Amino acid sequence: MAPSGAPPKTTFPPLTTKYHPITIFTTAYPHTNSTLNPFAAAASNFFNDLLNKIPLPRWAVYAIFAAGALLILICCLCICIKCCKRNKNKKQKKKDEKINMNGMNGKTTSALVQPDVTDVDYGTAKKERGKLLYSLDYSAAQSELTVGIKQANNLMAMDLGGTSDPYVKVYIIPDKIKTCETKVFRHTLNPVFNEQFNFPISKSTLLKSTVVMQVFDFNRFSKHNIIGELRVELCNVDWNHVIEEWKALAEPAKFEEENLGEICFSLRYVPTAGKLTVVILEAKNLKNMDITGNSVTDTLTPERNPYVKVQLALDKRKWRKRKTSVKRNTLNPYYNESFTFDVSFEQIQRVNLVISVWDHDAVTRNDPMGKIFLGCDASGNQLRHWADMLSNPRRPIAQWHNLLSAQQVNSTLTLKKRIPLASRMPF
């Protein structure tokens, strides 16, 4: 019994805990790949079936596919590089030489930016090739030119050890009858030669000649490499005293300047009719050669039978050709023969005209005596003559040209095979 004044005590029934099982419901969802993207599944199955049919290990098949993809990528890259270079060359070519083809009405002129052949300065050397001390002395009484090779300084090193084995070759052009060489000095860039060479030459010929001094690096078992050269035009020399001076070596000329003669011809183009007329007028001072190809000094009794071949090349391919009659036993032939070709206005911009002089021989093969080409791919006087013809339609333009060697023209023009005629084509 609780004491008085205390709150009544409350009694609670005992607690009983019951555990009820919880049921978790799970829903099974089907595989979504086959239902959401059936096309990818079908493609995957087809690809797997195809690989299973190939009688090779799976790694080998993957390697073949990777190699093929790499090859295709390389081909695409090469094509892109070639296209970029071609576009760059076209832009550069348009900058270098520009002929205004709108001048066919005779009211405009042609713009030429390329220099003349004689204006090209071979003395502009990109690399320091060294210097050469030389001397020149001419004896009018003996008709003899003395060329002295004194010494060289700071020559370009051509060997792996940083040295060279220099020697000097001396000759006179255009005749080049005699060639002299100094001794070879081993393993030095500052050789002292102190050698003199005598060349018999008349005063009249002297003023038309050029002394060439070429410094070579000697190699016993391979081609001798040229270090540099000097070219001295004898018409500009004061012969009142002996000349002795230092000069820097220049880059060697690609082709030797030979006097092969001159040819005169006229060009006339009629754009409305698409007619190109070439008139071969005459040639003079052709170089007389013997059967070995060497020059003959006695031109009083020439045995050359020259004729002229006129050839058109379209897109650097041989297209059409004609030739003149043969003139017997002369080095100054006169022709005055005309040739007309059908050339449209669209083709005239892609045509090159090749003029070549040949020595006719009834027994052996005909020998080339000189060559020249005109067109939009030419330079110097040749390009100027072609541009004058285009800017003066229906008017014949005549001009003299110095003949060049066939090797020089062929390397510049690089003609391809002949264009097939329509009658010979199989369709």
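This is a predicted model: local features need pLDDT of at least 70, side-chain atom pairs count only at pLDDT 80 or more; totals for chains, interfaces and linings use all residues.
Figure 1. Beyond residues up to four places away in sequence, Ile397 touches Phe265, Ser266 and Leu267, together with His385, Asp388, Met389 and Asn392. Val279 is 118 residues from Ile397 along the chain, yet their C-alpha atoms are separated by 9.8 Å.

**Figure 2. The largest nonpolar core and the contacts of Ile355.** This core comprises 33 residues, and Ile280, Ile355 and Trp386 have the most contacts inside it. Two or more core residues come from each of the strands β9 (262–270), β10 (275–284), β11 (306–314), β13 (334–342), β14 (351–359) and β15 (367–375), and likewise from helix α6 (380–391). With neighbours within four places in sequence left aside, Ile355 is in contact with Ile263, Phe265, Val278, Ile280, Val308, Lys309, Val310, Gly370, Lys371 and Ile372. Another core, of 30 residues, lies apart from the largest one and has Leu136, Leu206, Leu230 and Leu249 among its members.

**Figure 3. Ser164 in the loop between β2 and β3.** At 2.9 Å, the side chain of Ser164 reaches the backbone nitrogen of Met158. Contacts of Ser164, apart from neighbours within four places in sequence, are made with Met156, Ala157, Met158 and Asp159, with Phe185, Arg186, His187, Thr188 and Leu189, and with Asp217 and Ile227.

Definitions and conventions: Residues are numbered from 1 along each chain as its sequence is written. Side-chain values use heavy atoms; hydrogens and water are left out. Helices (H or I, at least four residues) and strands (E, at least two) are DSSP runs, numbered from the N terminus. A polar contact is a pair of N or O atoms within 3.5 Å; within protein, one must be able to donate a hydrogen and the other to accept it, and residues adjacent in sequence count only if both atoms are side-chain atoms. Contact means heavy atoms within 4.5 Å. A nonpolar core is a set of buried Ala, Val, Leu, Ile, Met, Phe, Trp, Tyr and Cys residues joined through side-chain atoms within 4.5 Å. Buried means under 20% relative accessible area, exposed over 50%, partly exposed in between (1.4 Å probe, protein chains only).
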